[in-house]
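Hello,

Here is the structure I promised to pass on.

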Amino acid sequence: MRLLILTPAELSRDPRARRAAVSAQARGIDVVGLCGQVSGLAPIALEGVLIVRVGGERLAAGLRSAGLGGMAKDEGMLVRETRGLYRLGRLGRLTAGLVRAGRKLGSFDVVHANDLDTLPAAALLARRSSARLVYDAHELYTTQEPDPPRAHQLVSASLEASLARRADVVSTVSEPIAEELRRRLRLDEMPRVVLNCPPLVDVAVEPPAEGSPLAVVYQGAMGPGRPLEDLLVAAEHAPGAHFTLRIAGANPALLRGEVERRGLENVAVVEPVPPDRLVEALAGFEVGLVINRPVTQNDELVFPNKLFEYLMAGLAVAAPRLPGLEPLVDGERLGVTFEPGHPDELGQVLQSLAEDRALVHELRGRARAAAVERYNAESQADALVSLWAPDGDL
């Protein structure tokens with residue numbers, strides 16, 4: 001079997017696409033990657049996989065809206081709609097580039113599109129090869145921000161629904177998102193679920209040194225529903241905890257300046273790590289944070305990579321009580337929850353944990369056990385491979 005995997009940004013830095021490529025290789029599948037360069041990030045090693053990259057462009061600074069809080073700044077309708085038209089133009093250019101490059105790579109048995117940005121090109125390349133088309137929706141594409149550009153949303157929603165219904169199979173990251181995708185895309189079948197779990201690694205869950213502060217980490221990216229200010233407010237209410245902030249896309253100097261302005265001696269801002277070292281980089285921490293506010297349906301149903309990375313590293317999880325998170329965190333007693341959008345309550349919860357380290361150690365052990373038993377890439381491999389070979393014939 002020959003498999004083509006498409007991503008809008010650097011494939012080797014997309015944890016989900018990267019795991020797909022590795023799983024395919026392990027089953028003896030010939031894997032080729034084709035990606036845009038929207039993120040502008042440099043590649044990292046992915047041995048044995050040919051990755052073809054096409055030129056990309058980033059959204060101009062004047063059309064982007066991101067601040068310290070990770071929330072969109074106020075913008076006029078003209079700027080918002082111009083931003084949406086720019087994105088549609090970028091999608092057209094990316095599609096053309098991916099199709100041109102893909103045609104030079106020969107024929108494929110399966111074409112696997114990651115997110116809507118690559119679906120138009122994947123559909124064209126799959127049709128050219130009479131290949132099986134897989135659409136893997138990492139999120140609810142048209143509701144990624146609270147007030148999206150109207151034209152972009154309408155065009156994207158129509159395009160996604162049309163092409164997704166033509167795909168041989170649609171997949172996504174969680175049951176709640178699968179249900180919503182089926183409803184909004186009017187799919188005949190429920191999308192398949194492949195969880196965003198990292199590979200198994202050896203981790204020892206060690207108790208902390210006596211008298212040390214509770215070691216808390218936030219490792220992730222910025223986003224409309226992830227205001228960084230919530231982390232600082234939580235730190236103000238948790239003097240017994242030390243916060244490490246490792247945030248992709250943030251301005252570290254700006255964030256450190258705000259930490260200093262608030263006099264937060266229990267907060268450290270450090271550089272993000274490559275996606276192949278995310279679990280390794282969590283060594284020494286006790287609690288991992290998820291801070292999404294339900295400002296969009298995407299955030300309401302969030303089931304992020306970092307959740308499973310925390311579990312694999314043997315960290316207890318502190319997460320908002322959202323429909324995608326509460327059943328796992330509270331239901332399986334893998335951590336603690338708090339009311340979304342109430343960072344003061346998050347801080348109080350963390351302070352309580354700082355005062356009960358035996359409970360923290362118990363939660364960490366349960367989190368690690370859950371990751372080893374079921375929340376790992378190996379346990380998801382059969383579901384992933386079934387997207388490409390529904391009859392098990394590779």
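Let me begin with the aromatic rings: Phe303, Phe308 and Tyr375 are linked into a cluster by ring pairs. Rings of Phe, Tyr and Trp (its six-membered ring) pair if their centres lie within 6.5 Å, with planes under 30 degrees apart called stacked, over 60 edge-to-face and the rest tilted. Before the details, please note that this is a predicted model, where local features need pLDDT of at least 70 and side-chain atom pairs count only at pLDDT 80 or more, while totals for chains, interfaces and linings use all residues. Residues are numbered from 1 along each chain as its sequence is written, and side-chain values use heavy atoms, leaving out hydrogens and water.

Searching the whole structure gives two aromatic pairs. Phe308 and Tyr375 make a tilted pair, with 5.6 Å centre to centre and 50 degrees between the planes. Phe308 sits in helix H9 (residues 305–312) and Tyr375 in the loop between helix H12 (357–373) and helix H13 (377–388), so this pair ties together parts 67 residues apart in sequence. Helices here are DSSP runs (H or I, at least four residues), as are strands (E, at least two), numbered from the N terminus.

Phe308 has a relative accessible area of 0%, and Tyr375 counts as buried at 10%.

As for the chain, it has 13 helices and 13 strands. Its radius of gyration, taken over C-alpha atoms, is 21 Å, close to the 21 Å that the globule rule (2.2 Å times the number of residues to the power 0.38) gives for 394 residues, so it is as compact as a globular protein of that length. Buried residues make up 55% of the 394, and the C-alpha atoms fill a box of roughly 65 × 50 × 35 Å along the principal axes.

On confidence, the mean pLDDT (the predictor's confidence in each residue, from 0 to 100) is 92, and 93% of the residues reach 70 or more. Over residues 59–73, however, the pLDDT is below 50; this stretch has 35 contacts (heavy atoms within 4.5 Å) beyond near neighbours in sequence in the model. Where pLDDT is low, the predicted coordinates should not be read in detail.

Best wishes

Technical notes:
Buried < 20%, exposed > 50% of the residue type's maximum accessible area, 1.4 Å probe, protein only.
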